[in-house]
Amino acid sequence: RVLFRSMLKVAFPTGIEAKTATYDIAFGDIARPNDGHENVALKWCDVSSDKGGVTILNDCKHAYDVKDGVVRLTLLRSSYSPDPTPDIGMHQMRYARLDHAGPLDKAAVVRAGWEFNKPMRVLVVDWRADSGTHPGVWAGCEAGPANVIVTALKRSEDNDDVILRAYECTGAPASATITLGLDATWAREVDLRERDMEATRPVGGEGRTLTLAFKPYE
């Protein structure tokens, strides 16, 4: 027995005739043909030409298809196996269209995707109860150039060390400068389990500034 269910998609006509589109994947991107087949992506999908392009951002949906200049984002799949009623209930999702001039600027689009998924939250603080020594502006860290993306600044799982995670997002080598908002006495490379690397590369820097070399998509 074959069951047919309706899918819910939202379509964005772009007027751009391109053979491939660029899809966001974990810590990178991939180009796939614009043949109408549905493909997996994370935060965004972009179709571009030399004159300009369109990026479709989303905050919780991960399937796109592109054909004849139309980008479609799948909102509800209405699958029937193993759960015959997976989509019952109220759904809330966000998506946005980002038009850009010229070829795809991967660094700008990646940052837009992160900002759309992790919007800034405002917290009102009453400073009258303290000594008044807090600066008017403070940043945990700042990283450059634009293709180096900071994804986490957190306390270590095992001690009071601070873990900084960053990656290169465009497929090009980068010499990065990271300025910390706190004093550091040393810095070293660790793996994702926060263990020291066997072949640790030196981390340069002075004071609150670190200098790091990133390979493409590293």
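## Burial and the model

A residue is called buried when its relative accessible area is under 20%, exposed when that area is over 50%, and partly exposed in between. The structure described here is a predicted model.

In soluble globular proteins, nonpolar side chains tend to be buried together. The largest nonpolar core of this model has 15 residues, and Y23, C45, I56, Y64, V66 and V71 are the members that touch the most others. At least two residues of this core come from each of β1 (8-13), β2 (20-25), β5 (44-48), β6 (52-58), β7 (63-67) and β8 (70-76). Strand β8 gives the largest share, with three residues.

Another core lies apart from this one; its 10 residues include L57, V110, Y167 and C169.

## Aromatic pairs

The model holds three aromatic pairs. One of them joins F12 and Y95 in an edge-to-face arrangement, with 5.9 Å from centre to centre and 80° between the planes. F12 belongs to strand β1 and Y95 to strand β9 (residues 95-101), so this pair ties together parts that are 83 residues apart in sequence. F12 is buried, at a relative accessible area of 11%, whereas Y95 is partly exposed, at 35%.

Another of the pairs is formed by Y23 and Y64. Their ring centres are 6.5 Å apart and their planes stand at 75°, so this pair is edge-to-face. Because Y23 lies in strand β2 and Y64 in strand β7, the pair ties together parts that are 41 residues apart in sequence. Both Y23 and Y64 are buried, and both are among the residues that touch the most other members of the largest nonpolar core.

## Charges over rings

Y23 also has a charged neighbour: R32 lies over the face of its ring, at 5.0 Å from the ring centre. In another such arrangement, the charged end of K43 sits over the ring of W114, 4.0 Å from the ring centre.

## Cysteines

A disulfide is a covalent bond between the sulfur atoms of two cysteines. The count of disulfides in this model is zero. For C60, the closest cysteine sulfur is that of C45, and the two sulfurs are 16 Å apart, which is too far for a bond.

C60 is partly exposed, at 33% relative accessibility.

## Backbone features

Most residues other than glycine have a negative phi, and most peptide bonds are trans. Where does the model place a cis peptide bond? The cis bond joins G144 and P145, with omega about 5°. P145 is located in the loop between β10 (141-144) and β11 (148-155).

D68 has a positive phi, near 50°, although this residue is not glycine. D68 is found in the loop between β7 and β8, and this residue is exposed, with a relative accessible area of 60%. Y217, also not a glycine, has a positive phi of about 60°. This tyrosine, Y217, is placed in the segment after β15 (209-214) and is partly exposed, at 31% relative accessibility.

Notes. Residues numbered from 1 in each chain as written. Predicted model: local features only at pLDDT ≥ 70, side-chain atom pairs only at ≥ 80, totals over all residues. Heavy atoms only, no water. Core = buried A, V, L, I, M, F, W, Y, C linked by side-chain atoms within 4.5 Å. Buried < 20%, exposed > 50% of the residue type's maximum accessible area, 1.4 Å probe, protein only. Helix = DSSP H or I, 4+ residues; strand = E, 2+ residues; numbered from the N terminus. Disulfide = S-S within 2.5 Å. Phe/Tyr/Trp six-rings, centres within 6.5 Å; stacked < 30°, edge-to-face > 60°. Lys NZ or Arg CZ within 6 Å of the ring centre and 35° of its normal.
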